[in-house]
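Please open the structure in a viewer and keep the selection panel at hand. The stops below proceed from the whole chain to individual residues.

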Amino acid sequence: MPATTSVTLNTGAIMPTVGLGTWKSKPGQVEHAVEYALKNGYRHIDTAAGYQNETEVGQGLKASGVPREQIFVTTKLDNPDQRNVPEALESSLQKLDTPYIDLWLMHWPAPMTRNGKADKGHDWLDTWKAMEDLHLAHPEKLRAIGNAANSRLLSGVSNFSVEYLERLLKVARVVPAANQIELHPSCPQHDVVEFCQSKGIVLTAYSPLGSDNSPLLKNEVVNKIASKYGVSPANVLVSLHANKPLHTVLPKSVTNERILANAKIVDLTEEDINDLHKIDETHHFRACHPAWTGWGGLGFPDCK
Ligand SMILES: NC(=O)C1=CN([C@@H]2O[C@H](COP(=O)(O)OP(=O)(O)OC[C@H]3O[C@@H](n4cnc5c(N)ncnc54)[C@H](OP(=O)(O)O)[C@@H]3O)[C@@H](O)[C@H]2O)C=CC1
Ligand SMILES: O=C[C@H](O)[C@@H](O)[C@@H](O)[C@H](O)C(=O)O
């Protein structure tokens, strides 16, 4: 299958395959990164309330001059806001200075207190129910969950394992449109990928390069494939997802040349993909281990 440039969500909305990541992209830098990306062809930006840069991301959206309706914007409900879902949505809309969000994700199935501890008195399933209620009441604010012509209202999740998705889907009125999870050759999560694909849930690959100072950029297999196509290792790591059904991918950079370069996607062969998947057999890692939430491994088999 040739690499895709967009996927269709279960709402019918179109989500561009490559989006600019903004975790750790600081105010002062991120406005320019977003503006530069949009001026150079990106149409998908990923942020989160937890990144504390929504205001500056919003400034970058405006500065680009690209009409809002041509841009796919994802943001996320922060873990300490799981008891305050409507207020959190309003806060993100205000900071991003936008009338709607294209995709709103529960950042982690892990309610937390404001002082960084697990909030064991709250169930993330109740958070999802509150997100569903909001979507049903305000479809105009959450584009990816539907519109007047499509009353099937959908939103998304992030960091959901198969075990957690199964619990969600048992009671959900709304099938998540996307599950944003860590995906790269050293964290392929085939179980979650297959499960989501079987339910029509789009996978969004986070930390696709392996995050900061990634060993994957120096990996021999990645470099060999990069040489074969005359591209950089980052292009191979981004392309890996663009070559799979129902996948999108979020390379992050605040460096102009990298923002530009990372958007180039190449077609990979099945053999290339199999070789990249073998990397995990000898070198597995996660950039974002779920244990930081205080909720343990969140049902991920490699996090027990
Ligand atoms: N839902 C969730 O829980 C999570 C979501 N995410 C999302 O996914 C995005 C991507 O993940 P992230 O962890 O940021 O990591 P990435 O895998 O995108 O790697 C980013 C790092 O690689 C560097 N880099 C970027 N391009 C290149 C290149 N071409 N060559 C060499 N180095 C490069 C960046 O540096 P520099 O910027 O200095 O150029 C930065 O240090 C996040 O920004 C966020 O939007 C990430 C983690 C968790
Ligand atoms: O989206 C990014 C990640 O989920 C990030 O928000 C968490 O992983 C957390 O901040 C951490 O410190 O590990």
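**Whole chain**

The accessible surface of the protein amounts to about 12900 Å², and 51% of that area belongs to carbon and sulfur atoms; accessible areas come from the Shrake-Rupley method with a 1.4 Å probe, and for residues only the protein chains shown count as cover. This is a predicted model, in which local features need pLDDT of at least 70, side-chain atom pairs count only at pLDDT 80 or more, and totals for chains, interfaces and linings use all residues. Residues are numbered from 1 along each chain as its sequence is written, chains are lettered from A and ligands numbered from 1 in the order in which they are written, and side-chain values use heavy atoms, with hydrogens and water left out.

Switch to a cartoon view: the protein contains ten helices and nine strands. Its radius of gyration is 18 Å, close to the 19 Å that the globule rule gives for 304 residues, so the protein is as compact as a globular protein of that length. Here the radius is taken over C-alpha atoms, and the rule is 2.2 Å times the number of residues to the power 0.38. Helices (H or I, at least four residues) and strands (E, at least two) are DSSP runs, numbered from the N terminus.

Along the principal axes, the C-alpha atoms fill a box of roughly 50 × 45 × 40 Å. Colour by accessibility next: buried residues make up 55% of the 304 residues, where buried means under 20% relative accessible area, exposed over 50%, and partly exposed in between (1.4 Å probe, protein chains only). Of the contacts (heavy atoms within 4.5 Å) between residues at least 6 apart in sequence, 72% join residues at least 24 apart.

**Cavities**

How many cavities of 30 Å³ or more are there? The count is two. A cavity is a set of points on a 1 Å grid over the protein atoms alone where a 1.4 Å probe fits but cannot get out, and lining residues have an atom within 4 Å of a point. Grid points are joined across faces, edges and corners, and a volume is the space filled by probe spheres set on the points.

Select Leu183, His184, Pro185, Pro188, Val193, Leu240, His241, Lys244, His247 and His277 to display the lining of the largest cavity. Its volume is about 40 Å³. This lining has five nonpolar, four polar and one charged residues; Ala, Val, Leu, Ile, Met, Phe, Trp, Tyr, Cys and Pro count as nonpolar, Asp, Glu, Lys and Arg as charged, and the others, Gly among them, as polar.

Move to Ala49, Lys76, Leu77, Asp81, Ala88, Ser91, Ser92 and Trp104, which line the second largest cavity, of about 30 Å³. Both β4 (72-77) and α3 (85-96) supply at least two residues of this lining, with the largest share, three residues, coming from α3. By class, the lining divides into four nonpolar, two polar and two charged residues.

**Loop residues**

Stay by β4 and α3, and select Asn79 in the loop between them. Is Asn79 buried or exposed? Asn79 counts as buried, at 1% relative accessibility. Leaving aside residues up to four places away in sequence, Asn79 touches His107, Trp108, Ala110, Pro111, Met112, Trp292 and Thr293.

Next, select Gln52, in the loop between β3 (44-46) and α2 (54-64). Gln52 is a residue other than glycine with a positive phi, near 55°, and is exposed at a relative accessible area of 66%.

Finish at Ser211, in the loop between β8 (202-206) and α7 (220-229). Ser211 also is a residue other than glycine with a positive phi, near 70°; its relative accessible area of 24% makes Ser211 partly exposed.

Terms used. On a 1 Å grid over the protein atoms alone, a cavity is a set of points where a 1.4 Å probe fits but cannot get out, and a pocket is an open set with protein on both sides within 12 Å along at least five of seven lines; lining residues have an atom within 4 Å of a point.
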